[in-house]
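Biologist: I have the coordinates open and would like to go through them with you. Could we start with the terms you use, and then move on to the details?

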Amino acid sequence: MKDLLLIKDLVIHFETDDGIVEAVNNITLGIKEGQTLGLVGETGAGKTTLAKGIMRLIHKPTGKIKDGEILYKDKDLLKLTEKEMREIRGKHISMIFQDPMTSLNPVMTVGEQIGEVIKAHNRISKKGIEKRTCEMLETVGIPSGRAIEYPHQFSGGMKQRVIIAIALACEPNLLIADEPTTALDVTIQAQVLEMMKSLKTEFNTSMLLITHDLGVVAQNCDFVAIIYAGEIVEYGELRDIFKNPKHPYTIGLFGSIPNLNDNVKRLKPIDGLMPDPMSLPKGCKFNDRCKFAMDICKEKNPEMVLLNNGHKVKCFLMQNNI
Amino acid sequence: MKTKKEILKVNNLKKFFNTPQGMLHAVDDISFTLSEGETLGVVGESGCGKSTMGRAILRLHEPDSGEVIYKGEDILKYSSKQMKKLRTEMQMIFQDPFSSLNPRMTVSQSILEPLLIQGIYKKEDKRSLRIKVKEIMNLVGLADRLVNTYPHELDGGRRQRIGIARALVLNPKLIICDEPVSALDVSIQAQVLNLMQDLQEQLGLTYIFITHDLSVVKHLSSDIVVMYLGQLVEKAPAEKLFANPLHPYTKALLSAIAVPDPDFKADRILLEGELTSPINPKPGCRFAKRCLYAKEECYGNNAGLVEVEKDHFVACCLIDGFINQEKGVKQKQ
């Protein structure tokens, strides 16, 4: 299958007064057409920065895309002018932000906010916009009569539905969902995820699902990438990652979550903390927390090693095994 | 095995808030008992009154009616002086380690504050205070060098450890933990959960563990209560509740968990709608509006908790029907 979006050696740094924050370091990642890629990592791993990088929404002037390419349908997004980029955002690639409570405009009705995207990307009459807006609301399960209401009149789950309606209004090819259900309760989370799944099939959208919840990934994704300190440390098909994790960090993540089916009396957490992206350790970024760290891990940053079936791991342990 | 000693008994606890829109039934007629050294998990969605219940037990919100019997005495009748003394035995760990610590106090000041307030140590007693801080910091796994740091210099996991240290410094018997790990990343969450388990074993603590994360609750708790709009809908030992959930809400809640296993195919019970308002609730079952099985009778009367099997309580008017149905299925098999 072809990659719809291919990120090559992307480097994003924030140059602040206190020093350089190395948020994204040499990430190479592809999203295949019609598939969902889960991007998993902890707070501060660079998940959101990567997503904003794809949309070219990195905060200026501190944030800079230092190097790399982002190929969307073989076109490098980083070489586009701001005007051309505007055509892409919302129409070809759109994004659902993390917090539904703050990402809607409180002084515009939800109908206006959905209509805004449609108006920006289509030559269409006022009537047409209205009609499309109502259609979108119905698609996400909100009665179209509520288009004239303001965000504060909606609950958290409903607001997230509105945001999904905005993101899908122009039927984008790629949807970037940044922790779409983190702020929601479990029963509402289940509702929203189920809806996103069916809409994805309906519109044949590819998706980048950013989350720290491995349960959400298992139930929704086709491929998984694990991100740590701005680097992809493991990538592969869903089953390969969940049934046969190879990187010590991935294994640690699975040991940290209480499992409902097995009765584990004690969790096996990863020791220590995520390194400060302002002073990343030399060598492998995970070496100071890793149980299997060798001398070489402190010296050199390992290369991605390709195992079978597209399963890739960035670890010296794997290099020795081959 | 010796019989477990009952440490806390809550009877018909009620806490209403008067709002401009009407009476908000935050905690409505809740009863349960808790034995020493056990963990009671309280689960429910946001807005169902979990935190208010925890606070009402400690009288941080003054309950409207009911009894909270701690070691045989109703603490709701205590004077504020008696209550202050009792608080050495009952402590609370708060949800958000980012806002529950005073930003202008160092780690050691924060940890020692309860001791000074209770008058257990005097401010002049610098040496013994220093020793005490060291002891507690070691207990919760904070490095000595952090003694004089301020909260903003620390990450969430360490801050939550300070929260735990503050609660432990008075040697409490009962700790109410209000979502202690929900603000933390998974790898840090596991560290803190392990710590809390170790401390429970070492110090014989009793926990009331309030959370919305069902896998965490199952991991830690001996008993679980499920709350919906201020009321308990199901109460059972953890194993029983997960093996055989009976209330339609519990069933939906458990089926909504995203299990981290790609082979796991859940029979999702998707609930319609969201939590209704707890302000002036109509008579009848509060879950009826979202319930897949709701019948006319559900809108009429509000069923109390009924023991359907040993230690397993359910509040649902249709429960007899469900049990008979299940028995029928089993017989067919």
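Modeller: A residue is called buried if 20 or more other C-beta atoms lie within 10 Å of its own, and exposed if 12 or fewer do. Please keep in mind that this is a predicted model.

Biologist: With that in mind, what percentage of chain B is buried?

Modeller: Of the 333 residues in chain B, 41% are buried.

Biologist: And how far can I trust the prediction, for chain B and for the complex?

Modeller: The mean pLDDT of chain B is 88, with 98% of its residues at 70 or more, and for the complex the predictor gives an ipTM of 0.79 and a pTM of 0.85. Within chain B the confidence is highest in β3(B), at 95, and lowest in helix α11 of chain B, residues 319–332, where the mean is 76.

Biologist: What does the radius of gyration say about the overall form of chain B?

Modeller: Chain B has a radius of gyration of 21 Å, which agrees with a compact globule, because 333 residues packed that way would come out near 20 Å. Along the principal axes, its C-alpha atoms fill a box of roughly 70 × 50 × 50 Å. If you look at contacts in chain B with a separation of 6 or more, 65% of them link residues 24 or more positions apart.

Biologist: How many helices and strands does chain B have, and what is the strand order in the open sheet?

Modeller: Chain B comes to 11 helices and 12 strands. The open sheet has 8 strands in the order β6-β7-β8-β3-β9-β10-β12-β11 of chain B, and its pairing is mixed. The edges are formed by β6 (90–93) and β11 (306–309) of chain B, each of which pairs on one side only. Ignoring direction, neighbouring strands of this sheet are turned by 20 degrees against each other on average.

Biologist: Which strands does helix α9 of chain B lie across?

Modeller: Helix α9 (residues 248–255) lies across β9 (223–228) and β10 (231–237) of chain B, and runs at about 105 degrees to β9(B).

Biologist: Now helix α5 of chain B. How many of its residues are buried, and what covers them?

Modeller: Of the 13 residues in α5(B), 12 are buried, among them Arg158(B), Arg159(B), Arg161(B) and Arg166(B). The elements covering them include β6, α3 (107–117), α4 (126–139), β7 (174–178) and α6 (186–203) of chain B.

Biologist: Switching to chain A, how covered is helix α1?

Modeller: Helix α1 (residues 47–54) of chain A is mostly covered, with 8 of its 8 residues buried, including Lys47(A) and Lys52(A). Arg56(A), which follows α1(A), has a positive phi near 55 degrees.

Biologist: Where is the cis peptide bond?

Modeller: The cis bond joins Lys60(A) and Pro61(A), with omega at about 0 degrees, and Pro61(A) is placed in the loop between α1 and β4 of chain A.

Biologist: What does β4(A) pair with?

Modeller: Strand β4 (residues 63–72) of chain A runs antiparallel to strand β1 (residues 3–16) of chain A, joined by 8 bridges, and in this pair Ile12(A) stands opposite Ile65(A). β4(A) also pairs with strand β5 (residues 75–76) of chain A, again in the antiparallel sense, over 2 bridges. β4(A) and β5(A) form a hairpin with 2 residues between them, and Lys73(A) in the turn has a positive phi of about 50 degrees.

Biologist: Last one: why does Asn12(B) count as exposed?

Modeller: Asn12(B) counts as exposed because it has 12 C-beta neighbours inside 10 Å. Asn12(B) is found in strand β1 (residues 6–19) of chain B, and has a positive phi of about 45 degrees although it is not a glycine.

How values were computed. Residues are numbered from 1 along each chain as its sequence is written. Chains are lettered from A and ligands numbered from 1 in the order in which they are written. This is a predicted model: local features need pLDDT of at least 70, side-chain atom pairs count only at pLDDT 80 or more; totals for chains, interfaces and linings use all residues. Two strands pair if DSSP finds at least two bridges between them. Helices (H or I, at least four residues) and strands (E, at least two) are DSSP runs, numbered from the N terminus. Axes are lines fitted to C-alpha atoms, for helices over the stretch in contact, and angles run from 0 to 180 degrees between N-to-C directions. Two residues are in contact if their C-beta atoms, placed from the backbone, lie within 7 Å. The radius of gyration is taken over C-alpha atoms; the globule rule is 2.2 Å times the number of residues to the power 0.38. pLDDT is the predictor's confidence in each residue, from 0 to 100.
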